[in-house]
Amino acid sequence: MNDVVMPSLTPPVAVRQPKRIEQLGRTRTDDYAWMKDDNWQAVLRDPGALRADIRAHLLAENAYTAGVLAGTDSLQETLRAEMKSRIKPDDASVSKPDGAFTYYRQYDAGAEHPVYARTPRAGGAETILLDADAEAKDHAYYRVIGARHSPDHAWFAYAEDTQGSEVYQVRVKSLATGALLPDPIESCSGNFAWSPCSRYLFWTFRDDNGRPTRIFRRAIGEARDDLVYEEPDEGFFIGVEASSSGGSIFITCGNQETSEVWRIPADHPTAVPVVIEPRTPGLRYEVEDWADRLVIRTNADGAVDFKLVEAPLAAPGRAQWRDIVAHRPGRFIVSAMVLRDYLIRVERIEANNRIIIRTRGGTETAIAVDEAAYVLSLDPGYEFDTATVGYIYSSPTTPRQWFDYDIPRGERTLRKSQEIPSGHDPAHYETRRLTATAADGATIPVTILLHRDTKLDGSAPVHLYGYGSYGIAIEPWFQSNILSLVDRGWIHVIAHIRGGTEKGWNWFLDGRGAKKMNSFTDFIAVAEHLIAQGYTKPGRIVAHGGSAGGLLMGAVYNLRPDLWAGVIAAVPFVDVLNTISDDTLPLTPPEWPEWGNPLIDPVAYDTIAAYSPYDNIGPRAYPPLLATGGLSDPRVTYWEPAKFVAKLRDFTTGDAPILLKIDMAAGHAGAAGRFDALKLMATNYAFAIWAINR
């Protein structure tokens, strides 16, 4: 289908079709409910099924955005070329040994997608497991996830998505013959795991409403799928994984506040799964097996920032849990992994991480960095019986570095440094960590990246990024793309607002549900702090956030339009009240613990109605907005930004353009290719520069 349209300088005028909605004794009117295709489930699997009038409207929006930003076309090309010049054309991952082989991914020069490959550990010829770039040639969109070899090294499985809807097909390849098995697995969520014996694939089924609901087991070489587990609660996500030791297959179930894990022993993969600890509202836990016991990360017994416990494999219930690493408020245990002789955890304090290695005897060693803002993360390999752990270090000024750490020797080896082909000197940049004060006195960590030549006289434009939901921390990784703004005198800022876990689990709890407004007022407080400290001025800030961070953008756009030169709302969750009231949508029931359930709870309804960006649009002089979306996005559906933009144009009292750009061939994450993805990033940054200079 040809979706190419000519640029236009006339904004589309969306038809108003008022829909009256009555809910819990409250009434609202939605003029643009018609933008949601009644056949949306089919559209996710086949974007060509979109209703003709909706398609025409979205294409008109794309044409208007292209027309308004036409003057930035050359700038967009320049920005994209800069970003591309910082990406190594023929890059490769750190190779990971496993038995007789070592496995890795590599990009041929200029390729959008990687090649998965292996070589014998002792040396020898390379074997191509999957050439994803070749597979992508026949598709407008193509993404591979979960690609992995079987434990016996005889098979290679991968999940592919050809429309961006996150409905995956799992294919299995014989590494002896190079042939694909017939009868691929269909309607997978993208999550699957090999049984340690390599005879079975366990995989997660995605239903017509886009939810993972069942776990199946398929014997390799057969077409039949046996049901292993079916989730009774539509509000729970489920998945399956093999333990790093190879001793267990775990089925994980949970939402934002409650979890449950079921175990299948590796030596009996067709056994009925057994629950570790039955779900209890508010109890979260994650499990790894470690010889004859389990290691469990949990918030049990009031461990708000989590602790590590152990339990015997034969009797793993909560009554048997014994502390290994006790809870300490303010030290958030992010994750844990095990090797044969070591327990390794990542913990976060004040938005910075460190890695702690613990022996079976209880001796601990820390890997940390003395820098204002940085990220340390584990980079697990395939082998359990090893004394080497991989990790990655980065900071806003320092490109990623991959290390192997020899635990007994206490020595690290640099395996790889992220190369910037166009050149990068960290000494030209500076990272700072500030602390802003929220309206209620909470202290908000703020990470700043700037060029050392940038004048701090209040004239610099600021790119202010935030997220603030689901307990996801926005960590200060090195981002080569942002240098295209920083090198132009911009200051890049990350606001570590409530709703994330930068300061622990309470930091998350203080930005969810009834306290969601804290996320928005924190972001505004950071902007005001930057102004008060002389970094910038009102109207010199471009705010940027995506998905739930797009909700943040919509909220602060309504609350303080005077602060922003422009706002970039990527795949923005802005129609909150309608979406969280629609229990047919993929994410709605699992997200009621995060936002509240406005179908049954009047307090939740009123709380959401007070901040939902779509429902709080009013007569204001709104600054420029660029909202983006993907037609086949199952997470934030295309109609959310489309409705938001249409309604904003009805109410704005200013003349600033309000723009919508919908990718008609992609989903939530946008284009899948590593260079194709730069097109949208270049558009975003060109919009930011245009908004500052208009």
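How many aromatic pairs does a search of the whole structure find? The search finds 21, where rings of Phe, Tyr and Trp (its six-membered ring) pair if their centres lie within 6.5 Å. This is a predicted model, in which local features need pLDDT of at least 70 and side-chain atom pairs count only at pLDDT 80 or more, while totals for chains, interfaces and linings use all residues. Residues are numbered from 1 along each chain as its sequence is written, and side-chain values use heavy atoms, without hydrogens and water.

**Aromatic pairs**
- The ring centres of Phe-156 and Tyr-158 are 6.2 Å apart with planes at 35°, so this pair is tilted (planes under 30 degrees apart count as stacked, over 60 as edge-to-face, the rest as tilted).
- Phe-156 is buried at 2% relative accessible area, and Tyr-158 is buried at 2% (buried is under 20%, exposed over 50%, partly exposed in between, with a 1.4 Å probe and protein chains only).
- Trp-203 and Phe-205 pair edge-to-face, 6.4 Å centre to centre and 65° between the planes.
- Trp-203 is buried at 4%, and Phe-205 counts as buried at 16%.
- One aromatic cluster consists of Phe-306, Phe-332, Trp-505 and Phe-508.

**Charges over rings**
- The charged end of Arg-360 sits over the ring of Trp-290, 4.0 Å from its centre (NZ of Lys or CZ of Arg within 6 Å of the ring centre and within 35 degrees of the ring normal).
- The charged end of Arg-674 sits over the ring of Tyr-107, 4.0 Å from its centre.

**Met-517**
- Met-517 counts as partly exposed at 30% relative accessibility.
- Met-517 and Leu-58 are 459 residues apart in sequence and 31 Å apart in space, C-alpha to C-alpha.
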